[in-house]
Amino acid sequence: MSAPDEQTQSGPRAVPGSVDVAVVGAGFSGMYLLHRLREMNLSAVVFEAGTDVGGTWYWNRYPGARVDVESLAYSFSFSEELEQEYEWEERYPTQPEILRYARHVADRFDLRRDIFFGTRVTAAAYDERDAAWLVRTDRGDAVTARFLVMATGCLSFSKLPEVPGLERFRGATFHTAHWPHEDVDFGGMRVGLIGTGSSGVQSIPVIAEQAADLTVFQRTPAYSLPARNRRLRPDEIADMKAGYRAFRKAQRESGFGVPVAPATKSALEVSDEERDTAFEAAWESGSLVNLLTAYTDLAVDLAANDTAKRFVHGKIRQIVKDPQTAEDLCPAYPFGTKRPCLDTDYYETYNRDNVHLVNLLRTPIVEITEKGVRTSAGEYAFDAIVYATGFDAMTGSLTNVDIRGRGGVSLKEAWSAGPRTYLGISSAGFPNMFMITGPGSPSVLSNMVVSIEQHVDWVADAIDHLDRHGLTTIEPEPQAQDAWVDHVNLVGGFTLYPKANSWYMGANVPGKPRVFMPYAGGVGEYRKKCDEVAARGYEGFSLSPDGPAQQRPADD
Ligand code: N01
């Protein structure tokens, strides 16, 4: 173990010059990892660009922001005391409630003393001679670490629309992923909102209630299901707390990190009435996964998927009174192939007199002007524009840090044709660097907290294994990585996911390689694979006492 020795400065506390592990990000991943590392008596430093813990839930403060996994399931399982003492209020908690939870965890486990807030990691370079990472920040810190862990989140590098004139607009502008910390009041304002993914779908009904007028610019409609959110009842909280161990086991063995009864029938083998009853129950249940998992083949067979697609289209046409608006809101791509949304009164909001939908497929945005938004049909004037335009997902938060592995090769170069990882945890050429919920792992196709805990535990155990066996470096073997990338593509290819232009595919970022990035094999199967790899002495990784000898510089 390296002892914190020489010090560099970052704010009032001194950043240690050398640690065992440098962690980037103090969201759920970074917080739990720090806790695990401390339990192992390793020295660690966490750098966080925000001024507090929480990651996603620190940045995404837009009106209506909630998680769409139930609170009692979207919570840490590593501490039974934490599970028992924490009191969730709502079925689907608001952003402030989740941030409160993150802060509680930070305080309860005394995490803040090793976290450097307001500090962004700008570069990390692997020194082959010393088998260590040199991590640099925007505050001038330089820290040497035996291990680097990127706990930077899958949806944290935000993007603006690729249209000219963004800087010209004279009114107020907002991005859902960088919402101000103080209250924003749209009262009396004409607001334009671009983007109808989860962030748009959640914020539109709330902004519509405040604004004088709201115009929504939609390029691709979302499939959105009603959340049926409510306050939790004391009896259901007590039941969950009494049965938490069995529930956590079921989460870990499930497909999405959310236990659901496995489907037994094809959507095409049942009568229309039976299917409608099942779909109606899923719609009423207020769940993100119940509709997609109602039948065995909805995610893999187009004809089966069409039945779910028609069902949701029917609901949209029933709710939205203006027929043209209803048609514009009906997605053409298969259900579930872009991330579905959970909403409160999303479709109902289009029945309000002060809400208008602009279909960008008919009239694309030409430019942002001083007054507002110009489409091919004309100019719309606004007092404020909200960009709900999403993220350079899964890879953006990794490739936009100047990470350089062996031979000075940058991660951006190494992934120029798409991300290449072994197990979504690490990448060949980047020894002793781990990613929490990286591309090639279930990550965004799962309850993130379940996947985060699994990765953090795996990484902590891997470091422990190295230390116990007198080993210094761990790095994927290129053949194992190639095989894993092929497997991820093969499994993705069995599903309908590649059929949509989604951020899962990198399709929302011009020029980004079109690759299905998450692993679609399910969190249970994936966990088994990771456990097997570890049990077989980290099969597919090269473990070395002093770094891969053949890679050492000639003068060494
Ligand atoms: O981002 P998105 P998000 N011109 O990428 C449109 C998680 N999340 O922030 O689809 C016009 O989904 C873009 O159009 P298109 C969740 O995993 C979770 O909403 O690319 N439009 C799309 O409509 C989610 O999936 C929660 O054609 C442009 C929208 O902007 C993920 O984060 C809440 C455009 C972006 O939607 C991302 O969600 C919020 C352009 N140039 C987020 N560029 C919960 O747990 C982009 N768009 C509830």
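Me: Before we start, what is an axis here, and how do angles run?
Reply: An axis is a line fitted to C-alpha atoms, for helices over the stretch in contact, and angles run from 0 to 180 degrees between N-to-C directions. Helices (H or I, at least four residues) and strands (E, at least two) are DSSP runs, numbered from the N terminus.

Me: Anything to know about the model and the numbering?
Reply: The model is predicted: local features need pLDDT of at least 70, side-chain atom pairs count only at pLDDT 80 or more, and totals for chains, interfaces and linings use all residues. Residues are numbered from 1 along each chain as its sequence is written, and side-chain values use heavy atoms, with hydrogens and water left out.

Me: OK, how do α8 and α9 cross?
Reply: The axes of α8 (residues 272–285) and α9 (residues 302–319) come within 11 Å and cross at roughly 60°. The two helices are therefore oblique to each other. Oblique covers whatever is left after roughly parallel (under 35 degrees), roughly antiparallel (over 145) and roughly perpendicular (65 to 115).

Me: Which residues of α8 meet α9?
Reply: Arg 275, Asp 276, Phe 279, Glu 280 and Trp 283 do. Their partners in α9 include Phe 311 and Lys 315. Contact means heavy atoms within 4.5 Å.

Me: New topic. What order do the strands of the open sheet take?
Reply: The order is β15-β16-β17, with antiparallel pairing. Two strands pair if DSSP finds at least two bridges between them. β15 (365–368) and β17 (378–381) are the edge strands, each pairing on one side only.

Me: How many bridges join β15 and β16?
Reply: Three. Arg 374 in β16 is the bridge partner of Glu 367.
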